[in-house]
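Me: I have a structure here that I would like to talk through with you. Shall we go over it together, one question at a time?

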Amino acid sequence: QVQLVESGGGLVQTGDSLRLSCQASGRTLSPNPYAMGWFRQAPGKEREFVATISYSGHTVYADSVKDRFIISRDNAKNTVSLRMNSLTPMDTAAYYCASRSGSGYHVNSDEYENWGQGTQVTVSS
């Protein structure tokens, strides 16, 4: 089992930055490779892919956040982070981290095996 805990959400204004973190732990986590992803979901909307990073550091971003958000990971600490810059109200959502075993990366939420509880990001105008 893998447990994921997000942190770092909050209330910010348009143009501000936030850094979200996700701490992973569990019996089957290390030393096996695993991909990590960030997704978000706003009220009344479907869960949306944000970014993913493979165990070796390959990254993929949604077009809506490309060049604004940066996903990174620290395998020694079993953490993944999402640095969010130039935030707008359209970024307001609950943000979730997720993991999937293996060496690849994944943009579909259905491909992930473990999910965190989520952390709320609210961007005011």
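**The disulfide and its surroundings**

Reply: Happy to! Both C22 and C97 are buried. Please keep in mind that this is a predicted model.

Me: Good place to begin. Which strands hold C22 and C97, and how many residues apart in sequence are the parts that the pair ties together?

Reply: A disulfide joins these two cysteines, C22 and C97, with an S to S distance of 2.0 Å. C22 belongs to strand β3 and C97 to strand β9. The pair therefore ties together parts whose separation in sequence is 75 residues.

Me: What is the handedness of the link of C22 and C97?

Reply: A search of the whole structure turns up one disulfide, so to speak of its geometry we look at the S-S bond. The angle about that bond is 55 degrees, and the link of C22 and C97 is right-handed.

Me: Let's turn to the packing. Which elements give two or more residues to the largest nonpolar core?

Reply: That core has 31 residues, and those with the most contacts inside it are M36, W38, V50, F69, L82, M84 and Y95. The elements that supply two or more residues are β3 (18-25), β4 (34-41), β5 (48-53), β7 (69-74), β8 (79-84), β9 (93-101) and β11 (119-124).

**Rings and a charge**

Me: Now the aromatic side chains. Is the ring pair of F39 and W115 stacked, edge-to-face or tilted?

Reply: The whole structure contains five aromatic pairs. In the pair of F39 and W115, the ring centres are 5.2 Å apart. Their planes meet at 55 degrees, so the pair is tilted.

Me: Where do F39 and W115 lie, and how many residues apart in sequence are the parts they tie together?

Reply: F39 is in strand β4, while W115 is in strand β10 (residues 114-115). F39 is buried, at 1% relative accessible area, whereas W115 is partly exposed at 28%. Given those two strands, the pair ties together parts with a sequence separation of 76 residues.

Me: Is the pair of Y112 and W115 stacked, edge-to-face or tilted?

Reply: Y112 is buried, with 7% relative accessible area, and ring pairs link F39, F49, Y112 and W115 into a cluster. The centres of the Y112 and W115 rings are 6.1 Å apart. With the planes at 65 degrees, the pair is therefore edge-to-face.

Me: One last thing: over the ring of which residue does the charged end of R47 sit, 4.8 Å from its centre?

Reply: R47 lies over the face of Y96, where the distance to the ring centre is 4.0 Å. At 4.8 Å from the ring centre, the charged end of R47 also sits over W115.

Definitions and conventions:
Residues numbered from 1 in each chain as written. Predicted model: local features only at pLDDT ≥ 70, side-chain atom pairs only at ≥ 80, totals over all residues. Heavy atoms only, no water. Core = buried A, V, L, I, M, F, W, Y, C linked by side-chain atoms within 4.5 Å. Buried < 20%, exposed > 50% of the residue type's maximum accessible area, 1.4 Å probe, protein only. Helix = DSSP H or I, 4+ residues; strand = E, 2+ residues; numbered from the N terminus. Phe/Tyr/Trp six-rings, centres within 6.5 Å; stacked < 30°, edge-to-face > 60°. Lys NZ or Arg CZ within 6 Å of the ring centre and 35° of its normal. Disulfide = S-S within 2.5 Å.
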